[in-house]
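User: Could you walk me through this one? I'd like to start with the overall layout and then get down to side chains.

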Amino acid sequence: MISRNHLADIKTTNQVNIIRNGIVDIPMLQVLSPDGDIVSGATVPDIQEETARKMFDAMHYVRVLDERMVAAQRQGRISFYLACTGEEASTVGSAAALSDNDMIMSQYREQGALAFRGYTTKQFMNQMFSNKADPNKGRQMPIHYGDKPLNFMTISSPLGTQIPQAAGYAYGQKMAGKEAVTICYFGEGAASEGDFHAGVNMAAVLNCPAIFFCRNNGYAISTPAEEQFAGDGIASRGIGYGVPTLRVDGNDVLAVYQATRKARELALAENTPVLIEAMTYRLAAHSTSDDPTGYRSKEEEEAWSKKDPIARFEKWLSGKGWYDAPAYAKHLDTLRQEVLAELKLAEKVPVCDIDEIVEDVYDTPPWHLQEQRDQLKAHIAKYPGEYPKTAGGVK
Amino acid sequence: MTQMNLLQAINNALITAMTEDEKVMVFGEDVGHFGGVFRATSNLQEKFGKARCFNTPLTEQGIIGFANGLASQGSVPVAEIQFGDYIFPAFDQIVNETAKFRYRSGGQFSCGTLTIRTPYGGGIAGGHYHSQSPEAFFAHVPGMKIVIPRNPYQAKGLLLASIRDDNPVLFMEPKKLYRASVSEVPDEDYELPLGKADIVQEGKDITLLAWGAQVDIIKKAADMALEDGVSCEIIDLRSILPWDRATVCESVMRTGRLLINHEAPLTGGFASEIAASVQEQCFLYLEAPIARVCGLDTPYPLAHEKEYMPDELKTYEAIKRTMNY
């Protein structure tokens, strides 16, 4: 990128030269065509069978999880869920290109990345049932996962806040001499937040090895992308901030994998952020709290269903002889049973003891929190029937 | 011991912290080579290099977001917000992120190493965008600590304690005193306790409570009251959150009267919280209603700065009213 600061020589012109429609038309990298064939002239990433199978498994895993958990929410077993159906290639393909030492800071629709890292069904369930086995101690709504051993930062609901944080985290990794990057996921809607502009600009100026991965899935709840921004997507902004940028077909897992690997190499070699815009589509509703039929057409959904990232990858795997359809159908059945079994176990695990309500606000509870906890416990002890979840712990 | 003003004491504390721990990093708008608009970070970049003391782009939400990321990674960020009046773009990062990081992750991740330094308060002809005292906004945020020093000795000891404390601290510096307040400051490393008030002067008739630059104001009022034979106990609260209720209440139980002075507007100011707690704890010991001498419920005015300020005369009058209730 050319830095045109106040010290730079800038060419002059005697023409009133208003630039319209951007400077470049940013294409998107594609390796697999929507039919699952290798695009002519594309380089297939060097990918081992084991990695390819693991990616495929993670993509299927989250689709099964999504189906089950949306159903569980409908049954009233959990309060909320948020599916990533249609975006499995973006989240899994990018995570597969990372090292386990790389920090993942996600928005909330990246369970594919988490599953790829090795988060177990039991862990997913404990988080979603807010029980005492959840390392986040049941303090957040379902889908706000976080796991330090897997280098997966605990999710926060406010949109975009993780973007400047990723710049800072990556700067810290660099200062500590770690051979690691931070990947930061967000949607095209979140990219309208001030934190996006603050974070990407800071990462560029301060040379932070961070990958900003935008899932441009067409919708921010009900607001379509055309009502979100007028420019050439999110990628054009990377260019504006002096950040190496590429756009990728987000439903093509091989392209996402290849793009992210390249971004990681560049980030480490040059201490630079890289912006990736993955063009994809949220086949699911935003969350279990909305119904997409109110804001988009069946035809549009069907058109995107035909670009299903799982079907596309499956065809490529078949061609390689790495996919056995009957065996896989059996595997998916087992998976569905496992999810259901763990769900039933997790919903029976009690919530944390009431003492936890004041823990982790500070490193140790100060006097006022101790006082409030004691008053609360005395109150619960007086009306145990009204507080059945915790009354047992205050006798 | 060296004679230092408050800025030099802060600079000295930063040098001490950065020398001791290479994970300490200092950054914000203009804090690099220039040393900050008030020069609190003078020479740090020369001493410790550009990687550990640096300018940031002009974005408060970015500075605190970046600092949160650094803190959660294990570094020790000391982020400067150039004026307390400009902290509000970072309000979301502080309220929803800094303060909740540890809680929401069940203690897996935290921003405990973060210290946010910011100058606050009036008395410099700064009008309403260079004079505000926003401590009460942050006092409503579980997870934050808020610390305010009253002189150079306090500033060094409290800042070092804030940087090393395993909780995020908002360290608010009374900018009126930056060059005006000079005192002996130990050259060696020392810390003063967070969450602990300081009894500046003992007295028996009324307790006067303030923090930052207003401690000098209540001292002046106490001297005036002494001429009338009123003995004032003076307490510097030092930490707004968590605040030292025990020391304040113990004093009020002895004197039977309390006056709280702060620069920020009256309504919803931190004096309200103190008054509510003290009446709850000391109801039967109170000889008079708790007095609040505060800023007006207006934006901070420029031409009428003197009239706005809760100065020693207003404090003196309030002492008399409380004594004669």
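User: In what order do the six strands of the open sheet in chain A come, and is the pairing parallel or antiparallel?

Analyst: Bear in mind that this is a predicted model. The six strands of this open sheet in chain A run in the order β1-β7-β8-β4-β3-β2, and the pairing is parallel. At the edges sit β1 (28–29) and β2 (103–105) of chain A, each of which pairs on one side only.

User: Which strand does β1(A) pair with, and over how many bridges?

Analyst: The partner of β1(A) is strand β7 of chain A, residues 245–249, and the two pair in the parallel sense over two bridges. Within that pairing, Met28(A) stands opposite Arg247(A) in β7(A).

User: Which strands does helix α2 of chain A touch?

Analyst: Helix α2 (residues 88–96) of chain A packs on the sheet and touches β3 (182–187), β4 (210–216) and β8 (274–279) of chain A, with its direction making about 170° with that of β3(A).

User: Changing topic to aromatics: how many aromatic pairs does the structure hold?

Analyst: Over all chains, the structure holds 32 aromatic pairs. One of them is Tyr281(A) with Trp304(A), whose ring centres are 5.0 Å apart and whose planes make an angle of 10°, so this pair is stacked. The two residues come from distant parts of the chain, 23 residues apart, with Tyr281(A) in the loop between β8 and α9 (298–305) of chain A and Trp304(A) in helix α9 of chain A.

User: What about charges over rings: which ring face does Lys54(A) lie over?

Analyst: Lys54(A) lies over the face of Phe116(A), at 4.2 Å from the ring centre. Another case is Arg296(A), which lies over the face of Tyr219(A) at 5.3 Å from the ring centre.

User: OK, salt bridges. How many does the structure hold?

Analyst: The structure holds 44 salt bridges over all chains. Among them is the one between Glu49(A) and Arg53(A), whose closest N and O atoms are 2.8 Å apart. Both residues lie in helix α1 (residues 49–74) of chain A, four residues apart, about one turn of the helix. Glu49(A) counts as partly exposed because its relative accessibility is 32%, and Arg53(A) is also partly exposed, with a relative accessible area of 37%.

User: Over in chain B, where do Glu80(B) and Arg117(B) lie?

Analyst: Glu80(B) is in strand β4 (residues 76–80) and Arg117(B) in strand β5 (residues 115–120) of chain B, so the pair ties together parts that are 37 residues apart in sequence. Their side chains meet in a salt bridge at 2.8 Å, N to O, and both Glu80(B) and Arg117(B) are buried.

User: And what is the N to O distance for Lys204(B) and Asp205(B)?

Analyst: The side chains of Lys204(B) and Asp205(B) meet at 3.7 Å, N to O, in a salt bridge. Lys204(B) counts as exposed at 59% relative accessibility, whereas Asp205(B), at 14%, counts as buried. Back in chain A, Glu87(A), Arg109(A), Glu110(A) and Arg215(A) are joined into one network by salt bridges that share partners.

User: Last topic, the backbone: is the peptide bond from Leu241(B) to Pro242(B) cis or trans?

Analyst: That peptide bond is cis, with omega near -15°, and Pro242(B) is placed in the loop between β12 (239–241) and α9 (245–255) of chain B.

User: What is phi for Asn43(B)?

Analyst: Phi of Asn43(B) is near 70°, a positive value in a residue other than glycine. Asn43(B) lies in the loop between β2 (24–28) and α2 (44–48) of chain B and is partly exposed, with a relative accessible area of 41%. Ala125(B) has a positive phi too, near 55°; this residue is in the loop between β5 and α6 (135–139) of chain B, and it is exposed, with a relative accessible area of 54%.

How values were computed: Residues are numbered from 1 along each chain as its sequence is written. Chains are lettered from A and ligands numbered from 1 in the order in which they are written. This is a predicted model: local features need pLDDT of at least 70, side-chain atom pairs count only at pLDDT 80 or more; totals for chains, interfaces and linings use all residues. Side-chain values use heavy atoms; hydrogens and water are left out. Two strands pair if DSSP finds at least two bridges between them. Contact means heavy atoms within 4.5 Å. Axes are lines fitted to C-alpha atoms, for helices over the stretch in contact, and angles run from 0 to 180 degrees between N-to-C directions. Rings of Phe, Tyr and Trp (its six-membered ring) pair if their centres lie within 6.5 Å; planes under 30 degrees apart count as stacked, over 60 as edge-to-face and the rest as tilted. A charge sits over a ring if NZ of Lys or CZ of Arg is within 6 Å of the ring centre and within 35 degrees of the ring normal. A salt bridge is a side-chain nitrogen of Lys or Arg within 4 Å of a carboxyl oxygen of Asp or Glu. Buried means under 20% relative accessible area, exposed over 50%, partly exposed in between (1.4 Å probe, protein chains only).
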